[in-house]
Amino acid sequence: MGCQGTCCIDYFMYALSAIKLIITVYKYTPQVRTNYLQQSTHGWSIWQILLDLTGGVLSFAQLLIDSALQRSWSGITGNPIKVGLAGVSVGFDLIFIVQHYWLYASGQEKTLDAEEEERRPLLVERT
């Protein structure tokens, strides 16, 4: 017996969503490891993490508001991948924030102002 009609499409979309969740975990894990090994978050912007955290929190809020308006938990329990994706994103974002602002904050290099940045040579001669 094979899939028929929308049932097959639903399974296919659910499988794609599960793949997206796996890729999200795979995407964040190397950066957490790199930050840990280097004991620094130098070289990447915290702003993308803060924006991603905002998106994850808003995704949770949307699920909660939809469920409250429907007076049913089916909005949350019926979409476990969306809950998982928001949870994974928020979880990794919190790890990055802790790494950036607390664990490795003392290892951050002092940022140069615009004038100092212009005077700094791109290549340094070795003696």
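User: What do the model and its numbering rest on?

Analyst: This is a predicted model, where local features need pLDDT of at least 70, side-chain atom pairs count only at pLDDT 80 or more, and totals for chains, interfaces and linings use all residues. Side-chain values use heavy atoms, without hydrogens and water, and residues are numbered from 1 along each chain as its sequence is written.

User: Is Asn35 buried or exposed?

Analyst: Asn35 sits in helix 1, residues 6–38. Helices are DSSP runs (H or I, at least four residues), and strands are runs of E (at least two), numbered from the N terminus. Buried means under 20% relative accessible area, exposed over 50%, partly exposed in between (1.4 Å probe, protein chains only). Asn35 has 1% relative accessibility, so Asn35 counts as buried.

User: Which residues of helix 2 are buried?

Analyst: Helix 2 covers residues 47–70. Its buried residues pack against helix 3 (74–77) and helix 4 (80–103). They are Ile49, Leu53, Gly56, Ser59, Leu63 and Ser67.

User: How many Å does helix 2 reach from its first C-alpha to its last?

Analyst: Helix 2 has 24 residues.

User: Which residues does Gly75 touch, not counting residues up to four places away in sequence?

Analyst: Gly75 lies in helix 3. Contact means heavy atoms within 4.5 Å. The residues touched are Leu63, Ser67 and Gln70.

User: Which residues does the UniProt annotation "transmembrane region" cover?

Analyst: The annotation comes from an unreviewed entry. UniProt positions are given in the numbering used here, feature names are shortened, and annotations may be inferred rather than shown by experiment. In the model, residues 81–102 are 100% helix, and residues 46–69 are 96% helix. The record covers 7–26, 46–69 and 81–102.

User: How many helices does the protein have?

Analyst: From the N terminus on, the elements run α-α-α-α-α. There are zero strands. The helices come to five.

Note on methods. The expected span of a helix is 1.5 Å times one less than its number of residues.
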